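Subject: Handing over the structure

Dear colleague,

I am passing this structure on to you, together with some notes on what was found in it. Please look at the sequence and the structure first, and then read on.

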Amino acid sequence: MRIKLNEYPQRRLLNDEAHARPFEPAATPGQLSYIAFLNRNVSAEQECWLIGELCAWFDVAPPEPGRVNFTVDLGPLRFKWARHTEFSSFTFSRYGAAGEPFSGNALELLPPDWLAQLPGNVLLATHAVLLADVDLPVPLEEISARYFDGHDLIGAQIGEGSGTACTDFHIHADGFARYLVIDHSMGQRQAGRMLQRLFEIDTYRMLAFLALPVAKSISPELSDADRELAELTTAMSSARQDDEPALLDRLTKLAARIESALSLTDYRFSAAHAYYELVRRRVGELRELRIHGVQPFHEFVDRRLGPAMDTCESVARRQRVLAARVARASSLLRTRVDITHEKQNQALLESMDKRAQLQLRLQETVEGLSVAAITYYTVGLVGYAAKGLKTVGVHIDPELATGIAIPVVALLVALGLRRMRKALMHEG
């Protein structure tokens, strides 16, 4: 009986992610060529088109649109493509006896000029030869002189002694680095895993090193910014009020410079740290056993890549500390400017309060004069009215009527103005 489950919409996608880039089995003897390039200016569709051209040459089906990894048997060789966040990789492999190590490689079987269409951002190119220990033409002590131009070897027994891997991490005259892997007792799957880890160690090592030129280029700018910050903080202690706006403007521009540099480099430094951790993890997965007289992979990583990553981390930390120092200095200066502004505002408010009091007094004076003026004109009208009434025969004394009207009119006018002022104050 089949049970129907209400699945999370992305359940199968998440499950398949663990199997998206499986290790390719590697048979002994074999030749592999690995190329990794930065894909920042190349879309997945462009890479699919390039791989489609290769598939058409060998008359096999191309990758489906939307793929970011692809493995196919081309007949005389196998091809594997994997697209990652920052880089893409091509792995070509052919198996069977092929004569002297590094005298030939899997790329010889590719169409003419196909490799010339690769983007101009190749970061790593390496040839690897997988041999059985009985097929090694020379003793281990002569490998460097025979296949690595006499360079110091980096290598170890891998898989707890089931194989031996050697390289010099140099780019040789053909533009490729070299790996020689000797199979003592590895199966095809273990050999494939070990080769893939070796390629990833080299790829992530180069990706981590991308941050080193950035760190070196930004260090002088950080030194200049540090000196300018020291000058500004010294000037702040003795600055006058008129100097504060100029100092704040310089601090703001300095903060903008540092934040701009931080935004441009923070991703690169963070990525370098992540790649360094991947390198160390892949080296640990090799399960090395030391070969007498040969520098092992973990020692090479610690001595050569470790200091470079320490430099990048130091510059990144210095950058963050400098940004924090500029922010604190800006905050202090803004606090000082704000206090100055508050004092100015307080003085302005006190001045406005005094002016308001003067205006109130002036208003009261004007109000008193207004009462007198209105009373004068109103009493005059009363006097004229009394004289008119006397003329028409009404028994009234105009002077007496005028004298009586003065206090009455003045009181009514004063009360009216007071009531109007209270109404205006209530509305305000």
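The notes below go through the nonpolar cores, a pocket, the salt bridges and a few backbone details.

Please keep in mind that this is a predicted model, in which local features need pLDDT of at least 70 and side-chain atom pairs count only at pLDDT 80 or more, while totals for chains, interfaces and linings use all residues. Residues are numbered from 1 along each chain as its sequence is written, and side-chain values use heavy atoms, with hydrogens and water left out.

The largest nonpolar core has 62 residues, and Phe297 and Met309 are those with the most contacts inside it. A nonpolar core here is a set of buried Ala, Val, Leu, Ile, Met, Phe, Trp, Tyr and Cys residues joined through side-chain atoms within 4.5 Å, where buried means under 20% relative accessible area, exposed means over 50%, and partly exposed lies in between (1.4 Å probe, protein chains only). At least two residues of this core come from each of E1, E5, E6, strand E8 (177-183), helix H4 (188-209), helix H5 (211-237), helix H6 (244-285) and helix H7 (297-391); helices (H or I, at least four residues) and strands (E, at least two) are DSSP runs, numbered from the N terminus. Leaving aside residues up to four places away in sequence, phenylalanine 297 touches several residues, including Ile154, Ala165, Tyr179, Leu198 and Val283, a contact being heavy atoms within 4.5 Å.

Turning to the second largest pocket, its lining includes Ile154, Phe169, Arg205 and Arg304. A pocket is, on a 1 Å grid over the protein atoms alone, an open set of points where a 1.4 Å probe fits, with protein on both sides within 12 Å along at least five of seven lines, and lining residues have an atom within 4 Å of a point. H4 and H7 each supply at least two residues of this lining.

The structure holds 20 salt bridges, each a side-chain nitrogen of Lys or Arg within 4 Å of a carboxyl oxygen of Asp or Glu. In one of them, the side chains of arginine 83 and glutamate 47 meet at 2.4 Å, N to O; this pair links distant parts of the chain, with arginine 83 in strand E3 (residues 78-83) and glutamate 47 in helix H2 (residues 44-58), 36 residues apart. Both arginine 83 and glutamate 47 are buried.

Another salt bridge joins the side chains of arginine 197 and glutamate 285 (3.3 Å, N to O). Arginine 197 lies in helix H4 and glutamate 285 in helix H6, so the pair ties together parts that are 88 residues apart in sequence. Arginine 197 is buried, with a relative accessible area of 12%, whereas glutamate 285 is partly exposed at 27% relative accessibility.

Some backbone details remain. A cis peptide bond, with omega about 0°, joins threonine 28 and proline 29, and proline 29 is found in the loop between helix H1 (11-17) and strand E1 (30-38). Aspartate 113, a residue other than glycine, has a positive phi near 65°; aspartate 113 is placed in the loop between strand E4 (87-95) and strand E5 (122-132), and is exposed at 63% relative accessibility. Glutamate 160 also has a positive phi, of about 55°, although it is not a glycine.

Best regards
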